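Student: I would like a close look at one part of this model. Please start with the rings and go on from there in short steps.

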Amino acid sequence: MGDSKHQFTEQNLSNIKSMFYEKVAKYESDSNVSVMPTRSLFDESVHAERNIKNMKRYRKVFYIPVAAVLSLCIVTGAAASIGIIDLTSVLQFLGLDRINILQPVHRVSEDQGIRMEVIGAVRDGDAAEVYASVSDLTSDRIDETLDVYDYRLSGGSASNAQTIHYDKASRTAIVRFITQGKGSSNRMTIRINTLMSGAAREDGYSIHIDWNALLKNRDQSSYELLNQDQISGLGGKIANEMDKNSFQVLRKDQTNISVPGVDWMHISNIGFINGKLHVQINPDNEMGGYNHGFFYFTDAQGHKLDIPEYSISYGHYMKDGVRYGGDYIEYVYDLTAVDAVDKLKLRGSFTNIGEVIQGKWETSFNLEQHNASKSGHVNLGRNADTHVKVTLSPIGITLTGDDLSRIRMEDLNIELHLTDGTKRAARSGFIQLDNDLLKWISSETVPVKEVSYLLIDGKKVSLEE
């Protein structure tokens, strides 16, 4: 998510403070909580005993030197009641106008010496955007690689959690949660069960393959049949396989091919079934459940190839008296369109986790819905054969359709055209929530009513409310 393009002025800051105090006053009147502001750090004439209601009636404009802005936090007695909005962290990844739609939230949960606090949130249409801080109160188990691994957000069918800011001095990370899907009420719950940090992701792991032996015996691989009850997970372009009553996988543990630099898994078999290459791995039961990655192919010149694939997780193992699925993972590749299969290089991109923290961090809060939205339709893809519904909201743009994984996010070109003739380009902030759901999160709040139409990959998308 890019930085805001707004110029940060003294009046901007005054407006932000004003909007925040108005939200505080609304919270006070809604919840009957008595809140008191502290003395301003920059204006000694503001009396410490003035309450928020009076401040709303007799608010004084704060003129603060721009040089002081980057170190400023809005901290009030009200903030102690409903959450602190820290401009030094928030404004690095949000535009100034986002403050106008974010609902301040103060909900805290602590476990294992780690504190989670929901800072603010907004929900519009079927999407919700929630910002939370995660702080280590006792040691240095959290860093800039923090991964919220196991979590739940109520009211959504697809979700994403991303660490977008880390402050080393306070050992605090800011996490943005995105969830998509209609909730049954305005009540939202966030629960985190597992946190991970110390991750080091490396690309370009090289895996040796004896192509001569594989191709010579490509029609002789032994395989097993699995029914759907034996499968714990499916991934990738598996739609055509879902109609089958059984799935073909390689026999387990026929090889032991290590991946140099990756000690939490090995290739337990490799071979062809019905013309497709199967690569079977056996992850370690401890760290294999947390570490992750994927294989890919390059040609003789080192160029990464886009090869159709899917994966099947199956088998079970026991850990701490609990039965888990995914003892084996089998990656399946369709190489029929490749001219020189024997020249392919199998590569890997894997993440190795340093710290795994398990606990229970859970909090609930009310989140009213913003209803401003517009929608339209467009056909995308190389052959314009993917029908996509486009929904515009203050948060950004949601694309829904069948198999959106065929649309490369890095190649997607979106422009917002406003009624005043200006336009905004979406160059970053894309999230693939699932195969049928792609979202662009705007770094600036989108003025929905002022957007006339969109251009997506050069195609005009008319919008209606």
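Tutor: Start with one word: a residue is buried when its relative accessible area is under 20%, exposed when that area is over 50%, and partly exposed in between (1.4 Å probe, protein chains only). The model is predicted, so local features need pLDDT of at least 70 and side-chain atom pairs count only at pLDDT 80 or more, while totals for chains, interfaces and linings use all residues. Residues are numbered from 1 along each chain as its sequence is written, and side-chain values use heavy atoms, leaving out hydrogens and water.

Now the rings. There are 8 aromatic pairs in the structure. Rings of Phe, Tyr and Trp (its six-membered ring) pair if their centres lie within 6.5 Å; the pair is stacked if the planes are under 30 degrees apart, edge-to-face if over 60, and tilted otherwise. Take F295 and F350: they pair edge-to-face, with 5.5 Å between centres and 80° between planes. This pair links distant parts of the chain, 55 residues apart: F295 belongs to strand β15 (residues 292-298) and F350 to strand β18 (residues 345-352). Strands here are DSSP runs of E with at least two residues, helices are runs of H or I with at least four, and both are numbered from the N terminus. F295 is buried, because its relative accessibility is 2%. F350 is buried too, at 2%.

Y314 and Y328 give a stacked pair: 6.0 Å centre to centre, with planes 15° apart. Y314 is in strand β16 (residues 309-319) and Y328 is in strand β17 (residues 322-333), so this pair ties together parts 14 residues apart in sequence. Y314 is buried at 2% relative accessibility. Y328 is buried at 7%.

Which rings are linked into a cluster by ring pairs? They are Y205, W264, F295, Y331 and F350.

Charges come next. A charge sits over a ring if NZ of Lys or CZ of Arg is within 6 Å of the ring centre and within 35 degrees of the ring normal. K252 lies over the face of Y328, 5.8 Å from the ring centre. K304 does this with Y296: its charged end is 4.7 Å from the centre of that ring.

K304 leads us back to strand β15. T298 lies in that strand. T298 is buried, because its relative accessibility is 5%. Which residues does T298 touch? Beyond those up to four places away in sequence, T298 touches H303, K304, L305, K343, L344, K345 and R347. Contact means heavy atoms within 4.5 Å.

Another buried threonine is T398, at 6%. T398 sits in strand β23 (residues 396-401). Its side chain makes a polar contact with the side chain of K439, at 2.4 Å. A polar contact is a pair of N or O atoms within 3.5 Å; within protein, one must be able to donate a hydrogen and the other to accept it, and residues adjacent in sequence count only if both atoms are side-chain atoms. Leaving out neighbours within four places in sequence, the contacts of T398 include Q180, L437, L438 and K439.

K439 turns up again beside I178. I178 lies in strand β6 (residues 172-180). I178 is buried, at 1% relative accessibility. Not counting residues up to four places away, I178 touches K439, and also A128, I431 and I441 among others.

Last, a sheet. Strands of a sheet pair through backbone hydrogen bonds, either parallel or antiparallel. β7 (residues 187-197) pairs with β19 in the antiparallel sense over 10 bridges. Two strands pair if DSSP finds at least two bridges between them. Along this pairing, I192 stands opposite W361 in β19.
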